[in-house]
Amino acid sequence: MSEDRSDALHALVMQHLDDDQAQDIVTIDLEGKSSMADHMVVATGRSTRQVASIAQKLAETLKADGYGPVRLEGLPAADWVVLDAGDVVVHLFRPEVRSFYNIERMWSFGDDDKKTAGGTA
């Protein structure tokens with residue numbers, strides 16, 4: 001996917017999450033960290049019902065806008081739903097599950113001062 005198309009996909013995802021009132025939306029730039037995607041987006045829904053609804057609507061929107069079918073994992077339980085749209089991977093959590101896994105910290109590892117990693121640089 002071209003960089004422009006990847007950025008447009010990311011913008012569409014961010015707008016959709018905002019429109020559907022997802023909370024604590026965070027984008028992690030994966031360029032240079034992973035070959036699986038350019039962006040990881042992490043957001044929280046207030047309940048399993050909202051998490052499932054956001055994920056399903058986002059998948060439908062991306063398909064309708066020409067980004068192809070996306071993979072959804074975790075939808076039945078909807079505690080943590082992963083939406084793989086190619087260059088953008090979206091993680092939707094219930095609040096308790098998000099704080100337990102804290103994936104933002106894992107993927108931003110090395111971005112801050114090396115001392116936060118538990119060692120010295």
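Predicted model: local features only at pLDDT ≥ 70, side-chain atom pairs only at ≥ 80, totals over all residues.

User: Let's start with the helix at residues 3–19. How do you know that the span of α1 agrees with what a helix should have?

Analyst: We set an expected value beside the one in the model. The expected span is 1.5 Å times one less than the number of residues. For the 17 residues of α1 that gives 24 Å, and the end C-alpha atoms are 24 Å apart, so the two agree.

User: Which residues of α1 are buried, and what makes us say that they line one face?

Analyst: The buried ones are Ser6, Leu9, His10, Val13, His16 and Leu17. Looking down the axis of α1, these buried residues fall within an arc of 130°, so they line one face of the helix. Among the elements covering them are β1 (23–29), β2 (39–44), α2 (48–64) and β5 (88–93).

User: What happens just after α1?

Analyst: There, glutamine 21 has a positive phi of about 60°.

User: What makes a group of residues a "nonpolar core"?

Analyst: Its members are buried nonpolar residues such as Val and Leu, joined through side-chain atoms within 4.5 Å. The largest core has 22 residues, and the members touching the most others are Leu9, Val13, Leu17, Leu62, Leu83, Val90 and Leu92. At least two residues each come from α1, β2, α2, β4 (80–84) and β5. The biggest contributor is α2, with seven residues. Another core, of nine residues, lies apart from this one and includes Ile28, Leu30, Met40 and Val89. As a general point, nonpolar side chains tend to be buried together in soluble globular proteins.

User: Which residues does leucine 17 touch, leaving out those up to four places away in sequence?

Analyst: Leucine 17 touches Ala22, Ile25, Val41, Ala43, Ile54, Val90 and Leu92.

User: Why is glutamine 56 called partly exposed?

Analyst: Buried means under 20% relative accessible area and exposed means over 50%, with partly exposed in between. Glutamine 56 comes out at 38%, so it counts as partly exposed. This residue lies in helix α2.

User: Now the rings. Why is the pair of tryptophan 80 and tyrosine 101 called tilted?

Analyst: Ring centres must lie within 6.5 Å to pair, and planes under 30 degrees apart count as stacked, over 60 as edge-to-face and the rest as tilted. Here the centres are 4.7 Å apart and the planes meet at 45°, so the pair is tilted.

User: Are phenylalanine 93, tryptophan 80 and tyrosine 101 buried or partly exposed?

Analyst: Phenylalanine 93 has a relative accessible area of 1%, so it is buried. Tryptophan 80 is at 27%, so it counts as partly exposed. Tyrosine 101, at 44%, is partly exposed too.

User: What makes aspartate 79 and arginine 94 a salt bridge?

Analyst: The rule asks for a side-chain nitrogen of Lys or Arg within 4 Å of a carboxyl oxygen of Asp or Glu. For aspartate 79 and arginine 94, the N to O distance is 2.5 Å, so the pair meets the 4 Å cut-off. Arginine 94 also forms a salt bridge with glutamate 96, with the closest N and O atoms 2.2 Å apart. That links Asp79, Arg94 and Glu96 in a network. By this rule the count comes to five salt bridges.

User: Glutamate 104 and arginine 98 also meet in a salt bridge. How do you know whether glutamate 104 and arginine 98 are buried or exposed?

Analyst: Their N to O distance is 2.4 Å. Glutamate 104 has a relative accessible area of 16%, so it is buried. Arginine 98, at 9%, is buried as well.

How values were computed
Residues numbered from 1 in each chain as written. Heavy atoms only, no water. Helix = DSSP H or I, 4+ residues; strand = E, 2+ residues; numbered from the N terminus. Buried < 20%, exposed > 50% of the residue type's maximum accessible area, 1.4 Å probe, protein only. Arc of directions from axis to C-beta. Contact = heavy atoms within 4.5 Å. Phe/Tyr/Trp six-rings, centres within 6.5 Å; stacked < 30°, edge-to-face > 60°.
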